[in-house]
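Dear colleague,

I am handing over the structure below, and after it you will find notes on what was found there. Please read them with the structure open beside you.

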Amino acid sequence: MIHTTPNVQQIKIQRIRQNLVDIRHTYRVSNMINVQRSMMKTLKRTLMLNETRTFLNNTRNSFDVVLVECWYSDVYLALGHRYSAPTVCLSPMTPPVTLSQSLGIPDHPAYVPSFWLRYSDFMSFSERLYNTAIAVAELIVSKVVFHYENQKMLVDLYTYPGHQNCPPLDELRRTVQLTLVNGHYSVSYPRPYPSNVVQVAGMHMRSKTSTSVDKKFKALLDGAIHGVIYFSFGSNLKMSDLAERDVQVFVESFRKLKQIVLWKWENGTIANQPDNVYIDKWFPQQYILSHKNCKLFITHGGYHSLVEALHIGLPLIGFPFYTDQYYNMRFVIENGFGIEISLEHLNLKVLDDALGNILNNISYTLFRTTLPT
């Protein structure tokens, strides 16, 4: 599907539906492979679309700069060659070791923790050893398993005029002139970057108020005298994929609260839903988190959620599932503004205790007021 405005043409593709709840059971190296395979499937689907091919083959199109995501999707770098334009690389999270190596970003495993792990930047000897093993494993997997297939996609899936002369991937990587990383030392562990890498975490933040918010919804938040709790696992994880046992633990724990709970729920209704719980497929997250009555954010530990919560000064309860979410929650815990719960260990007492601790412990309740304005 193509959406066109006077200066924007957007081609939308249908995402591959996956149950990501169970991915937390996957061993780290297997998880790494599965994520890369999933990215390659998305790349193939995108480049094989008739809309994509028509757009790339249109010789009337010209651009001054090309921005491409290069987080396990280096095949997109051919667009810089297609339009003879400078290429800017976008990394949606901490660069993996493969991207760091190709862009000349220092990534020494002695002090740069892999986002596949839950290590901080202050590791023991055994942690540094394992961190090194994971970095080496990722490089080997990328070189042995995926390099040939990526290069084959580059040759087979592009049909634009002159694609036969496109340089190999290794050479395309060296043409990247700027990399924008969705990260920042204030909301994740610091690491060295060269001058051609810029950290841009928080660039998606909007104003704390919104005139587009429904008046009834605004009145609900304004009138929440005991406060509001926002519960969302983001756009990739579906709450409806949770086991019914886990759903009912949340239901029974929320039932005991005085606070209003806004629960992002994608599939119909929830059995035994308490009166203080409101569900919807979508909520204006930044507006809710920045509202004066919001007391707590229950999240999956995604980086955008972490940035928004820390920007506003809101404590977290995190349920990490995959990729950088364990890494993010380690940062949250070490800096004292949240609690991590493993879904495997979830029960009514664990959740009740976490909610009580966050809502009543002065170290969390004062967190918001101690941030600089």
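To begin with a pocket, α5 gives the largest share of the lining of the second largest pocket, namely 6 residues. Please keep in mind throughout that this is a predicted model.

The second largest pocket has a volume of about 440 Å³, and of the 20 residues that line this pocket, D74, T98, S142, H147 and R173 are the closest to its centre. Two or more residues of the lining come from each of the elements α1 (28-48), α4 (97-103), α5 (125-156) and α6 (169-173).

In general, the strands of a sheet pair through backbone hydrogen bonds, and the pairing may be parallel or antiparallel. Here there is an open sheet of 4 strands, in the order β3-β4-β5-β6, and its pairing is parallel. The strands at the edges are β3 (66-69) and β6 (197-199), each of which pairs on one side only. On average, and with direction ignored, neighbouring strands of this sheet are turned by 25° against each other.

With best wishes

Conventions
Residues numbered from 1 in each chain as written. Predicted model: local features only at pLDDT ≥ 70, side-chain atom pairs only at ≥ 80, totals over all residues. Heavy atoms only, no water. Pairing = 2+ DSSP bridges. Axes fitted to C-alpha atoms, helices over the stretch in contact; angles between N-to-C directions. 1 Å grid on protein atoms, 1.4 Å probe; cavity = no way out; pocket = protein on both sides within 12 Å on 5 of 7 lines; lining within 4 Å. Points joined across faces, edges and corners; volume = space filled by probe spheres on them.
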